[in-house]
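Subject: Structure handover

Hello,

Here is the structure you asked about. Please load it before reading on.

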Amino acid sequence: MKADPNRVLTGSHYLDGNHACAEGAIAAGCTFFGGYPITPSTEIAERVSRRFPKVGGVFIQMEDELASMAAILGASSGGAKTMSCTSGPGFSLMMENFGLGIMLETPCVLVNVQRGGPSTGLPTLPGQADMMQARWGSHGDYEVIALAPDSPQESFELTIHAFNLSEKYRMPVLIMTDECVGHMTEKVVIPPADQIELVERKYTKKKPGEAWPYDPDDDGISPLLPVGKGYKFHITGLTHDERGYPVITAKAHEWNVKRLMDKVNDHVDDIIWLEEQDVDGAEVVVMAYGISSRVMQPAISRARKEGIKVGQIKMVTVWPFPEKRVRELAAKVKSLVMVEMNLGQVFLEMDRCAAGKCRTHLVGHFGGTVHKPDEIYDAIKEAVK
Amino acid sequence: MATTEIRITGFGGQGVILLGYIIGKAASIFSDQHATLTQSFGPEARGSACSAQVLVSDSRVLYPYVTAPQLMLAMSHDGYATHKDSMIEECTVVYEEDLVKPFDHGPKAKTYGIPATRFAEELGHKIVLNIVMLGFFGAVTGLIPHDALRQAVETSVPGGTEELNLKAFDKGFEYGMELKEKGEVKV
């Protein structure tokens, strides 16, 4: 399915990451946005609120973040493509209902424009310290999909991709951007609508009375039921069976949770998106995501000019973590380096997967500003020793 | 890779951010360059000193903040004084001469002043002082083509104010060219 030309601002624009993200959502067919303003994410909500009256869609400023997350789950269950945006403190408040979205298997997109934490921390300055919260912030066992844009252009493109993944896998998808990307203004090229491919929501082909909300196809994904068409569409955060009715047994729980895990784990090759450069024959491979994968470039170029065999992996998806690829590389390289604007979060996953087969280095940062290229260069020099 | 790092400073309300936006847009949309704009967002961005950073390059800008700025556009003395020491020795300072009293930047620096607020008032509204500054900057630095800057002004200012803003741009540009002709600009 192609995007609706009325919703796509085809052309070259000078936009910041937050505005570009809003345009991505609109192009992807988002017609419901429930949110609560918080720096540095508010421009996403502002732009959506100004654009929806022109292109169609409902924007509600909710009373808080708990309600925002609940609203986008409800509207999505009603058939809309939905989104919300927030930053650290709001993200914390959304975690309970984010878990509800995982359990209900509700397609929606949640954007976290990360700032410095803990608590209210640095409202106006960047961080990447919510990455483990994105992975484990709600209770229970589950898998997540999280994307990290490095520019306004990617904020546009990855927002569309996030909607597509959420529809394909029937689950909430996270965009983990940050204040730097959100507030950086740069050229954004929005293609014609017929060049934007959208994933349509998969609805059941069965008749009312024969279809259940959790009745997976061979791919492990359960088609949704259209509301208002005579289907019994019962959903609950309690452990449930295929009918969506609570069943409080160990057996039902295994069936329920296993599906939540498998639908991501069985499709990691489709979901994981890495951009690799000069990795073959490298002695050191530097990994990063989001803005950190951008500011590491000058350091890597400098090291390569000096003859250091350094490769790089930009993780467009951070979750699910590319375990297989890191295990392969750990057996070949001298060192793996993780650059991230926190004190070691995704690094822990890299270190776990390296399993002692190579050295691992963290180029951490407290946040508030992005890494200086020199810090990354120094780490590469250390890693190649 | 040639990158020019630009720091823009002034008071909140002078149009510091819009000035940065137009420079970046002119470079990346109407000229074949790359440009990022970042801006101060904290309490410091409200009311008093306000600052924006624009990096203009012939290839993708990878590090979007100034580290050793070559160019400064100064519209308030406080903002100028705060950031002047970060400038490189061979810097260019373009300033509003009734609002900024430049220090001695040494023999390698170039400093160009314009009474932009007075010009803006003569044109009808001092609110366009930032666009007078933009035209002046365009003429004395030659960093971004005249037509690209003018197109960026036309497509960035609020609807209905295009004519006033373009006049402001032309005034600043002409003043810069006059200085050039008198040999007062070394470029």
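Below are notes on one helix and on the nonpolar cores.

This is a predicted model: local features need pLDDT of at least 70, side-chain atom pairs count only at pLDDT 80 or more, and totals for chains, interfaces and linings use all residues. Residues are numbered from 1 along each chain as written, chains are lettered from A and ligands numbered from 1 in written order, and side-chain values use heavy atoms, without hydrogens or water.

Helix H4(A)
Helix H4 of chain A covers residues 88–104. Helices are DSSP runs of H or I, at least four residues, and strands are runs of E, at least two, numbered from the N terminus. H4(A) kinks by about 50°, centred on Met95(A). That bend is the angle between axes fitted to the seven residues ending there and the seven starting there. In H4(A), 12 of 17 residues are buried (under 20% relative accessible area, 1.4 Å probe, protein chains only). Met95(A) is among them, as is Phe98(A). Just after H4(A), Glu105(A) has a positive phi of about 60°.

Cores
A nonpolar core joins buried Ala, Val, Leu, Ile, Met, Phe, Trp, Tyr and Cys residues through side-chain atoms within 4.5 Å. The largest has 92 residues, and Met83(A), Trp319(A) and Leu336(A) have the most contacts inside it. Helix H6 (152–169) of chain A gives the largest share, 7 residues. Domain 1 (5–195) and domain 2 (277–384) of chain A both contribute, so this core lies between them. The domain bounds come from an automatic or database assignment. A second, separate core has 46 residues, including Leu73(B) and Phe119(B).

Best wishes

Key: Expected span 1.5 Å × (residues − 1). Buried < 20%, exposed > 50% of the residue type's maximum accessible area, 1.4 Å probe, protein only.
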